[in-house]
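Visitor: Could you walk me through this model, please? I would like to start with the strands.

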Amino acid sequence: MTAPSLDTLLTWIRTESPTHDAAGVNLMMDLVVAQMQDAPVAVERVKGEQGLGDALILRAGPRTDEPAILVMSHLDTVHPVGTIEQDLPLRIEGDRLYGPGIYDMKGGAWFCLEAFKDVARRGAAARPMVFLVTPDEEIGSPMTGPIIEDFGRRAAYALVTEPARDGGQIVTARKGVGRFDVHVEGRPSHAGSRHKEGRNAIYEAARQILAIEAMTDYAKGITTTVGMVSGGTAMNTIPQHCRFPVDLRVETLADGEAVTAAILGLKPADPDFKVTITGGMNRPPYERSEGTARLFDHARSLAAEIGFDLVTAPQVGGGSDGNFTAALNVPTLDGLGIDGDGAHTLQEYGLISSIAPRQKLMTRLLETLR
């Protein structure tokens, strides 16, 4: 990796871009636009909605009507602004480059954009190429999900620059993701003088949480998680309201439908309570199809030519934008980004040595996928 290239990547990491900081995300989009200025790449900027940053649609390659190679990266991160100054300072320790978002997924986005630009300049693409750069993946792609599906329906292949797993493994299957919000309403009263008249919303929420957590079935790959709870107004008041979100992960579409129905169908144990549940599946399962298996075999042969062994990971629990394209039966390869570890933590790092070979792999994929 050259010194100027490393300097550019460091600038990316210094530009903090948590999902709900539209200004920070848009600064990242500005950097991508600047990166493409001297290449034959058509740039379309999609204005952000729902308080989110903008998205970019980059087009290059042969101007034909044949299905394109779709590449996808997101530039939003989970780390709040200020993380780089305090909890996760930008630094290089041996082969490790530490910083917020380097692993998930600015490192992979940056070098895959470089590969895209290089192939565009040389006119070496086997097919038309479309690169979607999105601002909202970390919250389930509420703005760009429909855009991804629209391009996915017209794509021959999808390549996702999420980080590699466990020593550089590629991703060929992911669980589907469901998100729900639960609101329990009871009856407020004084905890001392009128305790009997109250209906404790937190107590009823606890019953519902137990029911939801009991839906976890490890044998089927189903997990349900209540990771946050909010309720009550004062220590001496029977709480009227309690709210909590639910995270659902499933391996199959059928299980997603069944557990979704079970969660949405929950009822209060006592008619004095009201339980309101909204939500559903926001990413379908990404099941390994025959087309994806063939795409992986092709990528593995290219990696062997470059000089490294490409291995596929077991089904991954976390979702990505690749879930959308895989559900449309588009052969989809994920985990093409930087190798490293610590996604969503204060120990996040990428391996500098993984950049050059994986950038070459992306280049060769864009040159050879027919």
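Predicted model: local features only at pLDDT ≥ 70, side-chain atom pairs only at ≥ 80, totals over all residues.

Visitor: Over how many bridges do β8 and β14 pair?
Guide: Strands (E, at least two residues) are DSSP runs, numbered from the N terminus. Two strands pair if DSSP finds at least two bridges between them. In β14 (residues 274-283), R283 stands opposite V177. β8 and β14 pair in the antiparallel sense, and the number of bridges is 9.

Visitor: Which residue in β13 is the bridge partner of E185?
Guide: β13 covers residues 241-250 and pairs with β8 in the antiparallel sense over 10 bridges. The partner of E185 there is H241.

Visitor: How many of the 10 residues of β8 are buried?
Guide: Buried means under 20% relative accessible area, exposed over 50%, and partly exposed in between (1.4 Å probe, protein chains only). Strand β8 spans residues 176-185 and is largely enclosed by the rest of the structure, because the buried residues number 7.

Visitor: Is G167 buried or exposed?
Guide: G167 lies in the loop between β7 (155-160) and β8. Its C-alpha is 26 Å from that of D118, 49 residues away in sequence. With a relative accessible area of 66%, G167 is exposed.

Terms used:
Residues numbered from 1 in each chain as written. Heavy atoms only, no water. Helix = DSSP H or I, 4+ residues; strand = E, 2+ residues; numbered from the N terminus.
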